[in-house]
Amino acid sequence: MDIGERLFSLRSKTGESLQQVADKVGVSKAHVWELEKGRSKNPSFDLVRKLAAHFGVSVDVLNGDASEPDKKDMAVDRIHRGLEELSERDRGIVEQMIEAMRNKSTSDV
């Protein structure tokens with residue numbers, strides 16, 4: 001699997017459009033599409049690093065030197081990354097919500 005196929009697979013798992021990924025990493029939609037289709041085979045290291053950070057994977061995953069995480073692991077990592085951007089107060093609220101959901105799910109059993 002080449003970098004384009006891995007990029008497409010990661011984008012599919014997150015359910016993002018080409019435009020959403022392009023906006024997040026600061027390139028054009030066409031450039032992301034060209035990478036996925038293998039028409040642009042030598043992205044800059046900076047772009048590969050940004051794509052890896054965006055999807056929450058290591059550069060090794062995009063290079064094919066490490067296995068790709070499954071959809072569930074990617075979703076959990078994405079939630080964790082989002083927490084870092086919240087204030088301490090908001091992180092506390094999210095933590096309380098998660099705890100309430102855990103308690104509800106165990107009481108439903």
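## A walk from a loop to the core

Let's start at Glu85, which sits in the loop between α6 (71–84) and α7 (88–108). Helices here are DSSP runs of H or I with at least four residues, strands are runs of E with at least two, and both are numbered from the N terminus. The model is a predicted one, in which local features need pLDDT of at least 70, side-chain atom pairs count only at pLDDT 80 or more, and totals for chains, interfaces and linings use all residues. Residues are numbered from 1 along each chain as its sequence is written, and side-chain values use heavy atoms, with hydrogens and water left out.

Is Glu85 buried or exposed? With a relative accessibility of 69%, Glu85 counts as exposed, because the label "exposed" asks for over 50% relative accessible area, "buried" for under 20%, and "partly exposed" covers what lies in between (1.4 Å probe, protein chains only). Find Gly38 as well: Glu85 and Gly38 are 47 residues apart along the chain, and their C-alpha atoms are separated by 34 Å.

Ala100 belongs to helix α7 and is partly exposed at 45% relative accessibility. In helix α6 you will find Val76, partly exposed with a relative accessible area of 36%. The C-alpha atoms of Val76 and Gly56 are separated by 9.8 Å, although the two are 20 residues apart along the chain. Asp77 is in helix α6 too and counts as partly exposed at 33%; its C-alpha atom is separated from that of Val57 by 8.9 Å.

Val57 leads us inside. It is one of the residues with the most contacts within the largest nonpolar core, which has 17 residues; the others are Leu7, Leu10, Val32, Leu51, Phe55 and Leu62. A nonpolar core is a set of buried Ala, Val, Leu, Ile, Met, Phe, Trp, Tyr and Cys residues joined through side-chain atoms within 4.5 Å. At least two residues of this core come from each of α1 (3–14), α2 (18–25), α3 (29–36), α4 (45–55) and α5 (59–63), and α4 gives the largest share, 5 residues. Look at Leu51: leaving aside neighbours within four places in sequence, Leu51 is in contact (heavy atoms within 4.5 Å) with Leu7, Val21, Val25, Leu35 and Leu62.

Now turn to a pair of helices. Two packed helices are described by the angle between their axes and the distance between the axes. For α2 and α3 the angle is about 110° and the axes are 8 Å apart; axes are lines fitted to C-alpha atoms, for helices over the stretch in contact, and angles run from 0 to 180 degrees between N-to-C directions. The two helices are therefore roughly perpendicular to each other, a label for angles of 65 to 115 degrees, while under 35 is roughly parallel, over 145 roughly antiparallel and the rest oblique. Where they meet, Leu18, Gln19, Val21 and Ala22 of α2 touch Lys29, Val32, Trp33 and Glu36 of α3.

At 9% relative accessibility, Glu36 counts as buried. Not counting residues up to four places away in sequence, Glu36 touches Gly4, Glu5, Leu7, Phe8, Arg11 and Leu18.
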